[in-house]
Number of protein chains: 2
Amino acid sequence: MPKYEEIANIIRQRIRQGRYPANTLLPNQTDLVQEFDASRMTIKKAITILTMEGLVLSRRGAGTKVLDHSFWNKSTAPADQYRGMSRDLADIGKTLSSKVITFEVTFPTPEIKERLMLADQQPVYKIIRLRIIDGVNSVLEHTYMPVSLVPGLTDDVLAQSIYTYLKETLHLTFAGAFRNIQADKADEYDQQYLDCAPIDPVLEVEQVVYLDNGQPIEYSRSRNRYDRRGYTFLDVKNT
Amino acid sequence: MPKYEEIANIIRQRIRQGRYPANTLLPNQTDLVQEFDASRMTIKKAITILTMEGLVLSRRGAGTKVLDHSFWNKSTAPADQYRGMSRDLADIGKTLSSKVITFEVTFPTPEIKERLMLADQQPVYKIIRLRIIDGVNSVLEHTYMPVSLVPGLTDDVLAQSIYTYLKETLHLTFAGAFRNIQADKADEYDQQYLDCAPIDPVLEVEQVVYLDNGQPIEYSRSRNRYDRRGYTFLDVKNT
DNA sequence: TAGTGGTCTAGACCACTGG
DNA sequence: CAGTGGTCTAGACCACTAG
């Protein structure tokens, strides 16, 4: 692990523990240089990480302030499960249990072929899973993955976390994801599996996930019960 | 403007112009060091910007590849208006025209007071605007701003872009925003102004926008017609 | 093994904030 | 004005990819 990441971890811990209380200033960067025996560029990089996480805010001439974002958890939102991948992409697959509804191999439609950047005749997995959070049917997940990139996918894996399998077993690493979020009416499928009424809206999170070599590994549409899941994130100006 | 930003702009332009075509490699960093007469750290910083924008992807040992994300625009999504603030926060206020429905000064509810981090007795503007995109009523925006931070707000400003006023006239700069997105049923207000039926869902984008000194400047809830607006963004792993 | 990007340094200058 | 963070350099070493 890079030095700047270690330093960021230490400072983050100190903030959480209250050693650097909210609305006070962090030690200045030259002091941190001394304490961590690092160059200022390295300290700056560590602080940038914390800035992107919304923990601190630096201003030229004024120092680096510790922010108070405690109210984020007291949100009125239905349930803030989704998070950005600032820390780790695998959090997407974080839930209690899954029920596999469909698991088959097929040729992709033109749309899916394009999103996964596939050549002709390349088969994909088509997976539909019901995600059950705290015993409540919450998300209906339609997933497509190229068979060539994900050998050995089984029902067992699907019942757990796909991403744990991709990371731990196949040792794949991710570059990021492209997402589109929209509201939609509940279709018959949603109504059947999410136990919702025809008038209940659905929050659809559509995403393409990329490996660190730029190859798409997944296209999915997650249809969330509107009263169960929201999508929460921080959008920090980078500089 | 910092040197690394200028370099990023130049490289971005070359990518758009096709001088660095998709799926080819950028010149390596030592070559770029020579061309731009900069240090490698500066070149790296420029490339990081482009990485965050999804334009390129670097891999240790393999070079920096130009990505092809042309299909993002051919999305099946209803309309991708919203974007992250990677480039500029003001884009949030980018729309054709507005109709002011409510514009008053009031004391905040406890919830809004907390989100705007206000002391007691501090009044806020309460603004409700209908945003009309291409002649169609698309978004109903409920906005709260501290009066003390935004002097001189007028109907004229509201009819245009609030953010242009904040930036150009008041010279405020922004640190970022916290957002929560969820689906909801259309309430009577939505039905009246967005011309939608009771069964039509609504996409609600809730946000708190912060100034660069950490002070919240706005709390808002934007209620979008589900068939008019989605929320589209890139989530890139940072390192 | 050659070539790439990732990290790190020690120092420097500058822009900005706030008393 | 003193003190802060933002930028930038010239060089170094290392981890990784790909032939």
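Student: At roughly what angle do the axes of helix H2 (residues 29-36) of chain B and H3(B) cross?

Tutor: This is a predicted model, in which local features need pLDDT of at least 70, side-chain atom pairs count only at pLDDT 80 or more, and totals for chains, interfaces and linings use all residues. Residues are numbered from 1 along each chain as its sequence is written, while chains are lettered from A and ligands numbered from 1 in the order in which they are written. Axes are lines fitted to C-alpha atoms, for helices over the stretch in contact, with angles running from 0 to 180 degrees between N-to-C directions. The axes of H2(B) and H3(B) come within 9 Å, and their crossing angle is roughly 105 degrees.

Student: How is the orientation of H2(B) to H3(B) described?

Tutor: Angles under 35 degrees count as roughly parallel, over 145 as roughly antiparallel, 65 to 115 as roughly perpendicular and the rest as oblique. H2(B) is therefore described, relative to H3(B), as roughly perpendicular.

Student: Which residues of H3(B) make the contact with H2(B)?

Tutor: Two residues are in contact if their C-beta atoms, placed from the backbone, lie within 7 Å. H2(B) contributes Gln29(B), Leu32(B), Val33(B) and Phe36(B), and these meet, in H3(B), the residues Arg40(B), Ile43(B) and Lys44(B).

Student: How many residues of the contact of H2(B) with H3(B) are nonpolar?

Tutor: Ala, Val, Leu, Ile, Met, Phe, Trp, Tyr, Cys and Pro count as nonpolar, Asp, Glu, Lys and Arg as charged, and the others, Gly among them, as polar. In the contact of H2(B) with H3(B), one residue is polar and two are charged, and the number of nonpolar residues is four.

Student: How many helices and strands does chain A have?

Tutor: Helices (H or I, at least four residues) and strands (E, at least two) are DSSP runs, numbered from the N terminus. By this count, the secondary structure of chain A comes to seven helices and ten strands.

Student: What share of the residues of chain A counts as buried?

Tutor: A residue is buried if 20 or more other C-beta atoms, placed from the backbone, lie within 10 Å of its own, exposed if 12 or fewer, and partly exposed in between. Chain A has 239 residues, and the buried share of them is 36%.

Student: How far apart are the axes of H1(A) and H3(A)?

Tutor: Two packed helices are described by the angle between their axes and the distance between the axes. For H1(A) and H3(A) the angle is about 55 degrees, and the distance between the axes is 8 Å.

Student: Which residues of H3(A) does H1(A) meet?

Tutor: From H1(A), the residues taking part are Lys3(A), Tyr4(A), Ile7(A), Ala8(A), Ile11(A) and Arg12(A). Their partners in H3(A) are Thr42(A), Ile43(A), Lys45(A), Ala46(A), Ile49(A) and Leu50(A).

Student: How many residues of the contact of H1(A) with H3(A) are charged?

Tutor: Eight residues of this contact are nonpolar and one is polar. The number of charged residues is three.

Student: Where does Glu6(A) lie, and how far in space is its C-alpha from that of Ala46(A)?

Tutor: Glu6(A) is in helix H1 (residues 3-17) of chain A. It counts as partly exposed because it has 14 C-beta neighbours inside 10 Å. Glu6(A) and Ala46(A) are 40 residues apart in sequence, and their C-alpha distance is 8.0 Å.

Student: Is the crossing of H1(B) and H3(B) left-handed or right-handed?

Tutor: H1(B) and H3(B) pack at an angle of about 55 degrees, with their axes 8 Å apart. A crossing is left-handed if the near helix is turned anticlockwise from the far one by less than a right angle, and right-handed if clockwise. The crossing of H1(B) and H3(B) is right-handed.

Student: Which residues come nearest to DNA strand D?

Tutor: H3 and strand S2 (63-66) of chain A, with helix H1 (3-17) and H3 of chain B, each supply at least two residues of the surface near DNA strand D. Of the 24 residues around DNA strand D, the nearest are Asn28(A), Gly61(A), Lys3(B), Thr42(B) and Gly61(B).

Student: What is the phi of Gln121(B)?

Tutor: Gln121(B) is in the loop between helix H4 (110-115) and strand S5 (124-133) of chain B. It counts as exposed because it has 8 C-beta neighbours inside 10 Å. Although Gln121(B) is not a glycine, its phi is positive, at about 65 degrees.

Note on methods. Near = placed C-beta within 6 Å.
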